[in-house]
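The following exercises are to be worked with the coordinates at hand. Each task is followed by a solution in steps.

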Amino acid sequence: MNRLLIITLLTLITSVTYGATYRMNIKYIGLDGKKVPTQWVASSGSKMKMDKSRYKLGRRSLRWDYASNKDQIVYTNPELITQALEEYKGGFMTWVYNSKPQNDSIKIEFLDQNKTKFHFYYHLNFKGWRACWIRFKEDMTGDKSTTKLEKMIIHAPSKNSTGTLWFDRMAFPKRRIHDRVTPDQQLPWINPTMNENHWAALYHWESTYECDIKVDGELSERQKNELTEIYQRTLKYSKGSKPSAKQLENALDKMDLWGIKRSKDSYIGTPFVSFDESSPEEIIIQDAGKILNTFANDYYHNKNLASAQNFELLLSYLIDQGLAFGSGIGTNHHYGYQFTLYPRAIFLMTNYLTRKGKIDQIGKMLCYWTGLQEMRTIPEIGSLQGVVDSWHTTVLPRIIAAGTIKNAKERYIAYKMIERWMDQSLCIVPGTMGGIKEDGTMFHHGANYPAYSVGGLFGIGEYVHMMHNTEFQLNKNSRINVARCLENLFHSTNKTYWGLGIAGRHPLGGRLNKGTIKLYGQIAMLGNPYNPEEKIWKEIASMYLDVEPNDTPVKKKMVKDGIKPYEYKGGNFYTYNYNCLATVDHKNWLATIKGYNQDVWCSEIYVKDNRFGRYQSYGTVQILSNGLKGSGFEEKGWDWNRAPGATSIHLPLEELESFRKGVLMQRSNETFAGSANLNHQIGVFGTILQENNMPRFTPSFRAMKSVFYFDNMLVCLGNNIQNDNKKYPTETTIFQVKGKEKIKTKSNIALQNGALSGVKWVKDPFNNGYIFPNNTNLLFENKEQTSMHNKSMKTTKGRFSSLVINHGKAPKGASYQYVIVPQTNDNKLKSISSQFANNRAPYTVLRNDSTVSAIKTAKHEAYMYAFYHAATLKQGPVLSSSDESLVIFKANNEHATLVVTDPSIHLPNRKMIHDTESEKQTVTVIIDGKWKLSGKKSEAVKQITNDDNKTSFEVICWKGRNNTIKLHKF
């Protein structure tokens, strides 16, 4: 794609390195003294002095008055400049103040033995302060052949004979310049990868994107009325509430502390810079936004003119300091989260700023910094990598910014731009690009990520609210795709909480936010896109009634119209193969089953997040019955080795902790992981567990794991569990939940710490039952555990009950079998357990080895297979599969249903984030008997061959889809 953003693991690392928990701590050249430092020399026709009228650091800056286009200033410091050159991605930083915009540039060059080795041009088409961050080898021009530099020369503009520039905050850092140094109006060519970054592409969009939407003639009355309606909605959203006396006092105290004043034709005060460059005392975007919002609300609600004047002073100061049209302030990555209050505050002050004659300048700045210009063109589907962040942080600000446009036609066009962009961004996207996948998973950071999804959905909800019942509302396709995400989340949460397997870098936490819950109602109230007669989409409305705890007007309307909360019919099995995820959603509980493979990462581990999260997707099976804490999952004292259902090597925390200082998103060399289901009533999950060859990992560690679901129970099988780690034991965790000093959990024997023998069934403290048909090396512990917090790394303590299968050290071909019966009672467990002893077991294990795991259910006579590899077998009606696959077969007299799924999405590109589409695979499955298709032809069936009372099906598998094939006997 022309505008595809490819973010590698390095980019993800730098997002942490330069994230909200780190500042650059640059040592600047001293430009705050009373005299010009001796290293600086000006040409004879020009003058330099230290000036108090403007500054960006300290209380002075270096002022240069040039009298000729041949004038120059020279800075000589070989050791310092060479030090920066030697650094990886090293370079030069400064801020420049220009008092008069001009269509010209200064040339800055760096010399070795009086020969120019590096140079660049810095445009002067601005007034105020602008950053100049640039890297030697990556961004500058020249032969770049030297390993040392002696001096820097700044040349006067070539077209103007006289003028003044100020320089401050100058440095040759002994570290690389920021990886997200931002192209802007002054340095548009630098770091071109940022032109595809949803945070740092502002000037690229502004300078290259042209809007093709035109309006002929006058707007209709309906269009004018809709603009008025959107204005009123924007006003209602923006106006907030009256600030308290304390809030106003704090805002005034901040203004006094910052010391912002007019200084002739400029301003002075505490410097405003990007967070990454700031010291704790300096002004950053977020801090100033809060103060602006307080003043704006005070003026709007109380008509306090002093607050309006303070608002005007602060905003004018920020623009003079660099928060201006065309500026990049050095780096502006992730600024969207900090900028959210600016549009609201400025919108409230629109009339005041109009009277002051400043709305054009400020509105232009606001539209620029919200990135409205990105929406001038239609994005290519799948080209918006950071779209989830964009939905969350930029869509609503762009709507508000568009509302400051005075001309009605231009405002109408801006809304049409946003509408078109939104509908395109909500299309199904390929590869691992950010956005919505066809199974309803929402990708961010190259995988399904509910912690980010809920933010994105909140932003989508705000758009729906602003634009509903206008010509700008979401189209049919967008509403369908948003509903897919909402359905996914609904079936992946319990009491609005999701489990450990899909927690990303936020373990033991994460839930639907209020905005996402509200969106269920909003999408439902837009009507059923499949049936225009259905004014309230009943399916989504029923989910809304289930998750919305408050008696909202929308809820009342739905109930009045006869809509009932979502009806659970037992437990339903759902397949989400873009995430190697299966869930079983029951009214009283949720099971989350999670793996990983070469396309789907296991967990996201950051510098200060989820440092012990390696095992989150190691075939985990977690049961939630009352949210997280209500189901026994808390962080204090949590043993990070014992994720429920995971097969893992029990390591000391210092060995389990990530070895990387940056991001670790482990993926496997194996492709097999995922699930398949038949009408959601029965399902199978399988994965091949394989660790990578990395520090603190065991590359010989492998296991085949499967889970079969039917009749509200989960059969867990494992085999070929092996590794050569002779130092630490390998375990399969059955459960780890919050414990009590005296365990009341019942079983067929008394539970006590240590190895258990002869156990047939156990119930955990939260009423989940576990049955053991075979002898198993069980280890039970109920004790206070000492652990570490995943972020702070501080010691934590808590009492937990754990039951694990102990496979020993360096196991060879170990296996296991156990059954989970969620939310049960003793009598039911006794009954099911006794069935195994009396040859009336609810299922039969047909095979469980390194090639195939398979069972047959007794009640439904359904056959479920996890083919880890191609295999031929004699157990059951399915005789073979040509490749790794999940197969379900269920016959009913002359009719049968066959499910064939290759759960891998088979992405040929191994980069973390890419737009490469899934590849199709053909899997041939042979079943006993002569069968033909029942009803219409299946698009997934490539060919059927009948031979010798056998039927061969060539099935096209794509995107991990559940291929359900209806059959009829010959």
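**Exercise 1. Helix and sheet**

Across which strands does helix α21 lie? Describe the sheet to which these strands belong.

*Solution.* The model is a predicted one.

Step 1. Helix α21, residues 826-837, lies across β24 (713-722), β27, β28 and β31. Its direction is at about 160° to that of β27.

Step 2. These strands occur in an open sheet of seven strands, ordered β21-β22-β23-β24-β31-β28-β27 and paired in the antiparallel sense. Strands of a sheet pair through backbone hydrogen bonds.

Step 3. The edges are β21 (673-678) and β27 (761-763); each has a single partner strand, so one side of each lacks a neighbour in the sheet.

Step 4. From one strand to the next, the twist averages 15°.

Step 5. Leu 678 has Ile 682, in β22, as its bridge partner.

**Exercise 2. Two aromatic pairs**

Classify the ring pairs Tyr 618 with Phe 701 and Phe 772 with Tyr 818, and locate each residue.

*Solution.* 

Step 1. In the pair of Tyr 618 and Phe 701, the ring centres are 6.4 Å apart and the planes meet at 45°. Planes under 30 degrees apart would count as stacked and over 60 as edge-to-face, so this pair is tilted.

Step 2. Tyr 618 belongs to the loop between β18 (590-594) and β19 (620-624), and Phe 701 to the loop between β22 (682-690) and β23 (702-710). The pair thus links distant parts of the chain, 83 residues apart. Both Tyr 618 and Phe 701 are buried.

Step 3. For Phe 772 and Tyr 818, the centres lie 6.5 Å apart with the planes at 40°, so this pair is also tilted.

Step 4. Phe 772 is in the loop between β28 (769-771) and β29 (778-788), whereas Tyr 818 is in strand β31 (residues 814-821); the separation is 46 residues.

Step 5. Buried means under 20% relative accessible area. Phe 772, at 1%, is therefore buried. Tyr 818 has a relative accessibility of 1% and therefore counts as buried.

**Exercise 3. Cluster and charges**

Which residues form one aromatic cluster, and which ring does the charged end of Lys 56 sit over?

*Solution.* 

Step 1. The cluster consists of Trp 199, Phe 325, Tyr 335, Tyr 337, Phe 339, Tyr 342, Tyr 368 and Trp 369.

Step 2. The charged end of Lys 56 is placed over the ring of Trp 95, 4.0 Å from its centre.

Step 3. Arg 344 lies over the face of Tyr 237, with 4.7 Å to the ring centre.

Notes. Residues numbered from 1 in each chain as written. Predicted model: local features only at pLDDT ≥ 70, side-chain atom pairs only at ≥ 80, totals over all residues. Heavy atoms only, no water. Phe/Tyr/Trp six-rings, centres within 6.5 Å; stacked < 30°, edge-to-face > 60°. Helix = DSSP H or I, 4+ residues; strand = E, 2+ residues; numbered from the N terminus. Buried < 20%, exposed > 50% of the residue type's maximum accessible area, 1.4 Å probe, protein only. Lys NZ or Arg CZ within 6 Å of the ring centre and 35° of its normal. Pairing = 2+ DSSP bridges. Axes fitted to C-alpha atoms, helices over the stretch in contact; angles between N-to-C directions. Contact = heavy atoms within 4.5 Å.
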